Structure formats: structure tokens, C-alpha cells
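Trainee: I have not worked with this structure before, and I would like to understand the words used for it. Could we go through them together?

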Amino acid sequence: MSNPERTWKTIESGPHTYEEALHPVVRKNYGRWKYHEIPRPGVLKHVAESGDAIYTVRAGTPRQDTVDMVRVMCDIADRYSDGFLRFTVRNNVEFLTPNEENVEPMISELESRGFPVGGTGMCVSSVAHTQGWLHCDIPATDASGVVKSMMDSIYKEFKDMQMPNKVRLSTSCCAINCGGQADIAVVVKHTRPPRINHDHLSQICELPKAVARCPVAAIRPTVIDGQKTLMVDEKKCICCGACFGACPAMEINHPEHSKFAIWVGGKNSNARSKPSTMSLVAHNLPNNPPRWPEVTEVIGRILTAYKEGGRPWERVGEWINRIGWKRFFEETGLTFDDNMIDSYRHARTTFNQSAHVRF
């Protein structure tokens, strides 16, 4: 029989607590901050009740980070911020230091390395986007490439604070829209159901997985020429492309039938107004890599109209609600059509439009 006495010790191998990654000044004053301010675009200053102050320098990154790039960032952190840095959900990198004299040299170093400092206050923040061709299994476009094209054209709006309020952008490489709600969102839309290669489907696909992948139960088993295969109920299909990830034989991507759409007015926070979902304002824009000029041009129109007409602290959706949709289309020069009408009033009771916890 084995010895009942325990002679070994459990070694915790799970994730480390987030507190270990906090700068010592942040850890010391956690939850006891007096105020914060923005001394200049890209720089935050937080002052604690104890009198301690810490500066945060925010810089944009390409998101598709290389090992060499991460090493450069770590070297900058070692020199100027006691080795502490963190990435935000919008792929910015932030360096924290209690030493004000380190701020300007750090900014100069980041800018010289190609990392623009900005993204704070009333500006266009970095874009939240999905994986695109590099990682995702169902993309109809490259979300990362669209981000690059857009930010090249609105680079100045990231570095300056000239907008009425923060503008959050997102791009999505498929209609499932992992990018989420945003002030302005670029989403791919397929304009036809998937085309099925029945000769390949039964050989390379697991039929139950493809059936289960459809969010609207539009895919069902069938038999063609004695082979088990699948069919699509086109009346139910919403052309989302989810089935393609489970079964490549259900081809849906096409240069002529996969288009871009622009949505506006999404909001996640409860500040000043309730969270809101987005509304369609432009669609059937060509999916034409590598620069997507039509998409970039529409984004520029919307931002220009919002910058000129928005009141201080108004988000894009709040600005539209104040001026009305008719004037929005006039100000932006976009074309309205009946596909953009949202008449689903029952959503008021079925959607949880507040971030408050409900029991």
C-alpha cells in the first residue's frame, strides 16, 4: 500500500494574477486615484490621493506584431518605463512611468521607430478589427489591410484631438462581425448563398459540423447521385459565410459577390446615452485589395461631416440622433435606399440595450 502521508506540494501552473503586471505606482494606489488629465495627445497623467503621479504614453502598432518589433518595444520599456508596458484592446501599446522627464524622450524614440503617439481624448482611436486572411478560417477580406488603408488616410486624426468626442472604428472580415459595435464599422457582406461543390463535399467535410455551424438552420443533409451531401435553403440563408469555415466545399467568397458595407452609430458605453446598435449607411462597396479606396473615401466623408457638425462630447450616434437621418445623408453625400430602413420595432423589448446587470 502507498504511504498515506502527503510528501509533495502542489505547484500552481495556471495564469498569473494581473496584479503582478501592474506598475508599482499603480499597484500602490489601485482604486485610489484623485484625477487624470491629458497633457498632450497620446499622454495621460494620473494623480493618486497619495500625491503619486504616473504618466502613460500611448502609441499605435500594426497589430500584426513580429518578434523583432516586440523586442524593440521591450527595449524602450526597459529604458523609459521600468520595463512596464501593456497592450490595449485596440492594439495600442502603453508605457507607464512615474518620471515626467522620460516622457518626451520616449515619444521621440517611439516616433522614430514608426509607432505614432496618439489615440487619447477627442480623436480617432486605433481600429478594433478581426483576424483577416492571416488567421481566420472564413474571411471574405483582409480586415487588417482595410485598417492600414483607413488609418493611412486619417493618420492626423489619431495624433490630434480635434474631434467632438472619441471615435471608435472597427472592421470585420466576415458578416459575423467579430469587430462588434462601433461609431463607424466596416463589415463584409456576401450577396449570395454558398455554392456547393458536391463532388468534394462528401470527401473533405464532416456533414454534422457544417449543419451545426449555420446560425439559422438553413443547411440540411441530402443525397445527390447516391452521395450524402448538403443543401442550402436559400429562403432562410442570411449569407453569413459561417458554413465555409466548417466545410470549404461550400464556397461563398467571390470578388463580385462579396461586398463591403459601412455601419454607424454603435456604442457600448452607458455614458450620456444608452448603448446602441449600428445602422447601415453605405453598401455594395467593392472588395478590392490592397487599398480599398471606395471604403476609405466613405469613412473620410463621415468623419469630416461629424468633425464639422458634432457638438462637444457627442458621439457619432448621438450626433446623428440630433440632426436626423435625412440631414446625415445630406451632410455626408451618401445615397440612401430602402435596404437601410430599420423598422424592427420589437427589438426594443428583446435587445438588452443597457450595460446594467439585470436579474
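Trainee: What share of the contacts in the chain with a separation of 6 or more comes from residues 24 or more positions apart?

Mentor: Residues 24 or more positions apart account for 64% of those contacts, where contact means heavy atoms within 4.5 Å. This is a predicted model, in which local features need pLDDT of at least 70 and side-chain atom pairs count only at pLDDT 80 or more, while totals for chains, interfaces and linings use all residues. Residues are numbered from 1 along each chain as its sequence is written, and side-chain values use heavy atoms, with hydrogens and water left out.

Trainee: How many helices and strands are in the chain, and what counts as one?

Mentor: The chain has 12 helices and 14 strands; helices (H or I, at least four residues) and strands (E, at least two) are DSSP runs, numbered from the N terminus.

Trainee: What makes a set of residues a nonpolar core, and which residues have the most contacts inside the largest one?

Mentor: A nonpolar core is a set of buried Ala, Val, Leu, Ile, Met, Phe, Trp, Tyr and Cys residues joined through side-chain atoms within 4.5 Å. The largest has 39 residues, and those with the most contacts inside it are Ile184, Ile262, Val295, Ile302 and Phe328. Elements giving two or more residues to this core include α4 (143-153), β8 (184-190) and α9 (293-309), and the largest share, 7 residues, comes from α9. A second, separate core of 17 residues includes Val57, Ala77, Val93 and Phe95.

Trainee: How do you know that the span of α9 is close to the one expected?

Mentor: The expected span of a helix is 1.5 Å times one less than its number of residues. With 17 residues, α9 reaches 24 Å from its first C-alpha to its last, close to the 24 Å expected. Its buried residues include Val295, Ile299, Ile302 and Tyr306, and what covers the buried residues of α9 includes β8, β13 and α10.

Trainee: Why are α10 and α11 called roughly perpendicular?

Mentor: Axes are lines fitted to C-alpha atoms, for helices over the stretch in contact, and angles run from 0 to 180 degrees between N-to-C directions. Angles under 35 degrees count as roughly parallel, over 145 as roughly antiparallel, 65 to 115 as roughly perpendicular and the rest as oblique. α10 and α11 pack at about 110°, with their axes 6 Å apart, and are therefore roughly perpendicular to each other. In this contact, Trp319, Ile320 and Ile323 in α10 meet Trp325, Arg327 and Phe328 in α11.

Conventions. Buried < 20%, exposed > 50% of the residue type's maximum accessible area, 1.4 Å probe, protein only.
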